[in-house]
Each structure stands twice: as C-alpha cells, then as structure tokens.
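Subject: Handover of a structure, with findings

Dear colleague,

Please find below the sequence and structure that I am passing on to you. My notes on what was found follow directly after.

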Amino acid sequence: MSAIMDIINATRGECKCGVVHETTIRDIRIGSGLVHQVGQILKDNHFPKQILLVADRNTLQAAEGILESLKDFSVEQHIYDNLRVADMEHVYELEEKIRGREAAIVSVGTGSVNDPCRLAAAKQDKMLCIFASAPSMDGFASYSSPLVEKGFKASYPAKSPEVIIGDTKILANAPNALKSAGFGDMVSKYVALIDWQVSTLITGEYYCEKVAGLTRQAIDELMEMADKVTENDEETAGKIFEALLKTGIGMSYTQNSRPASGAEHIISHVIECKELIDGIIPNYHGDDVGVCTLETLKYYNELANRPQIETQYENVDWDEIYRFYGPMAEDVRKLNEPENIIDLVDPQKLKESWGEIVKIIRSVPSYEQCKAAMEKAGCKITVADIGKDEAFFRDCMYYSPFMRRRMTLLRMKHMIV
Ligand SMILES: [Zn+2]
Ligand SMILES: [Zn+2]
C-alpha cells in the first residue's frame, strides 16, 4: 500500500466535522517505471477487459510503453491532436464510445484530457484510471470537471478515478513549464485556507480541520522542495505528485473545492472566461493561478498590517459589474439575486473579528515568502509574466468576487473602510 493510500484511509470515514468523508479512489501507485505495469494494476483493481484509452499526442508519447502493458486488454484509442480546452462535446464523444458496453476509461494526461473522461465515466457509470503525464495541477484526485459549454467554463460534478498512477520517471521528465505551473497551483492553497477560515469565522460556513490540515501539510511539504521543482529528479517529482493528490482528495472529502481554491482561483477563472470569449487559448491553469495568488496575498498582507478597521454595508455599482461581465452578465446576476452572499456578513461582526482575521492571514507564509519560493520553482511571478495587460488584470481581480457564490476576504473588500 502506498503512503498516500495510508493517508487516505486514515482520514476516510466519519469525522468530527460531522461529515462522512468518502472517495471512490481505491488505489494510487507512484513509482519508477510504472508505465510498464498499467495492465497489471488494472487487473489488480478488477477493471473490465475493454478499455477506452484517451490521450492527446503529447501525453501518449510521454507514456511510451503503456499500450504494450495493456496487451491483455482490448484497447480502443481515442487520441486528440493537442487538447488545451476541453468542452462538453468531448464528453458526449466519449460517452458514445462507452455507452452500454462493459468498458472502462484510461485517461493519459493532465487536466484537459482527464476532465471530459471524469464526467463521461461518471455519467455512464464506468471505472476510470488516470495515468498522469505531468505534475502540472491538483485535479487528478478531484471529483469535479471544469469544462466549457457554449463558450462558458464551469465546474461539473463528476467522479474521482478508482485508480491513479504516477510514473516518477515520466513525471520528472515532464516539461519544466508544466512542473512550475503545478507549483503555482499549490501555493494558491494558502489563500484558499485563509478564505475558508475567514468565511467560517464570519458566516459560520462548514469547516473541517482534518481536511484543511491535509491541504496545509501538502503545501508546506512542497514549499520545502521549491528549489528542486525544475530538476529532473524522480524522488522530488513523486513527492510533488503526492502533494497535488492530497489537495484533490481533500476536495473529494468536502465535496467542494473549498480546501483548494479561494479568491485567487475565482480571479483566474474570470480571466479564463474573458479570454475564451475573445477566442484566446488560456495559459496553463497553474501559471495564472500562481500570479493571482501572489496578487491576492499582497492585498491580504496589506490588510493584515491594519490593527483595526471600520466597516460598512456593501455598496457597489451593480450596473457596472454586469457591464464588465458582458455576455456572462445574466449568469452572474443569478449568483447575486435575489439572495446575495454578502448579506451573510454582519459589519459589526467583521469589525469585532478583525484581530482573528489578521491572525488567520498571518498563519500562512507572506507574499514575499511565497514569491521567493515561486521564483525558485521557476514560476511566473508578475502580471506581465502571464501576458496580461495590467488594467485588464486589475478589472478581473476587482470584479471576480461577484461571479461565484463563495465568501472570501476579497469579497468583503467593499465592507472594509
Ligand atoms: Zn471532517
Ligand atoms: Zn487549481
């Protein structure tokens, strides 16, 4: 049993937080040369004989040897040219191929290849194995699929894979740009944890100490390895992969993305939606998320320097907000009307809790510390690094909190005087 499976089993089940933490993940294998054992691992986990293998040309090439290892199976291949933006059509295509058959999906890749597989397997009730091609984001163990439908990107509940395989040789060999992006996605957990804790404090939102602890441990471990991220080192690659899995497992346990995504992911999501409208292919998820994390942390650190605050009721120009969202305005309106999440925040309580909030902000590494670690890990650091116009970025940051019904400290900005 792998170390990570021990962690899963130790945190699984009934919890003090009142929730029974469950995940469909049965087996996680991380090791050198596992690409040659995929067939055996599937047999160990009672996968059916018919396999739909989904990959793109790059990920299939990275996983050289996987087809040979599946020689006892009847394999149908579904290979994309270069899949960067997954949409609902991809899900329908896959569903067609497995509907009514006793087949399972083996997805070879990272986010954009795995996401349609996760949803197609969930809808058709099939087993799923994810073979990771790069440690580039934290969604491997996740149960939900971010997908584009009719030009809009949203997260759909899907399923976690039964089996996850990470061949450390392949992970270590992945392009540095992907490894650095994975690191950027992980640093965001510090902001996610601040936002989750602040919301719990102010609005009484559900919180699980155990899951938050799992996330915190994963990112702390990774920060220690910042200078090794871009090395072609199997041991480091395996550890990074483990850390990425832990936060995904945390999300399965809470059945939402709270433990792993806060204000920074919402900003990055707005950027991506805006760019999709303009037909721009988004950056690697972790690149944008990393820079959004630093910008959010910078703001939170500034707030933490204030010993006391005055508060007021939120008073924003909704017409201006909906104008910014353009074709998305109706969807955004539904998230804010008739109920608005900001109504859960009592200005007096916010004021009185300020000391606690400052403590929460200071409980994670500062902007400077995260920036230094990200520099070591070869991450993108500035708004210019991710190729965005400064004014566009500021707008996305300013308007982002209104496009999700999720309480963050950034959402409370207009109540803080
Ligand atoms: Zn719990
Ligand atoms: Zn992410």
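Glycine 290 counts as buried, because it has 32 C-beta neighbours inside 10 Å, and 20 or more are enough for that label. Please bear in mind that this is a predicted model. Glycine 290 is placed in helix α12, which spans residues 285–304. Leaving aside residues up to four places away in sequence, glycine 290 touches Gly184, Val187, Met374, Cys379 and Lys380. Lysine 16, by contrast, lies 274 residues from glycine 290 in sequence and 32 Å from it in space, C-alpha to C-alpha.

After α17 comes glycine 378, with a positive phi near 75°.

Helix α9 also holds glutamate 209. Is glutamate 209 buried or exposed? Glutamate 209 is exposed, because 12 other C-beta atoms lie within 10 Å of its own, and exposed residues are those with 12 or fewer. Between the C-alpha atoms of glutamate 209 and serine 160 there are 22 Å, while 49 residues separate the two along the chain.

Which strands pair with β6? Strand β4 (residues 50–56) runs parallel to β6 and is joined to it by 5 bridges; in this pairing leucine 53 stands opposite valine 106. Strand β7 (residues 128–132) also pairs with β6 in the parallel sense, over 5 bridges, and here isoleucine 105 of β6 faces leucine 128. Together with helix α6 (residues 111–123), β6 and β7 form a right-handed β-α-β unit.

Valine 108 has contacts beyond four places in sequence with Leu53, Val54, Ala55, Thr59, Leu60, Ala63, Ile66, Val113, Phe131 and Ser133. Val108 is also a member of the largest nonpolar core, which has 121 residues; the members that touch the most others are Ile105, Val108, Cys129, Phe131, Ile164 and Ile194. Helix α8 contributes the most to this core, with 11 residues. At least three residues of the core come from each of domain 1 and domain 2.

Finally, the domains themselves. The domain assignment gives domain 1 as 3–174 and domain 2 as 177–205 + 258–415. Taken over C-alpha atoms, the centres of domain 1 and domain 2 are 29 Å apart. Where the domains meet, 13 residues of domain 1 are in contact with 18 residues of domain 2.

With kind regards

Notes. Residues numbered from 1 in each chain as written. Chains lettered and ligands numbered in written order. Predicted model: local features only at pLDDT ≥ 70, side-chain atom pairs only at ≥ 80, totals over all residues. Pairing = 2+ DSSP bridges. Helix = DSSP H or I, 4+ residues; strand = E, 2+ residues; numbered from the N terminus. Right-handed = clockwise from strand over helix to strand, strands pointing away. Contact = placed C-beta atoms within 7 Å. Core = buried A, V, L, I, M, F, W, Y, C linked by C-beta atoms within 7 Å. Domains from an automatic or database assignment.
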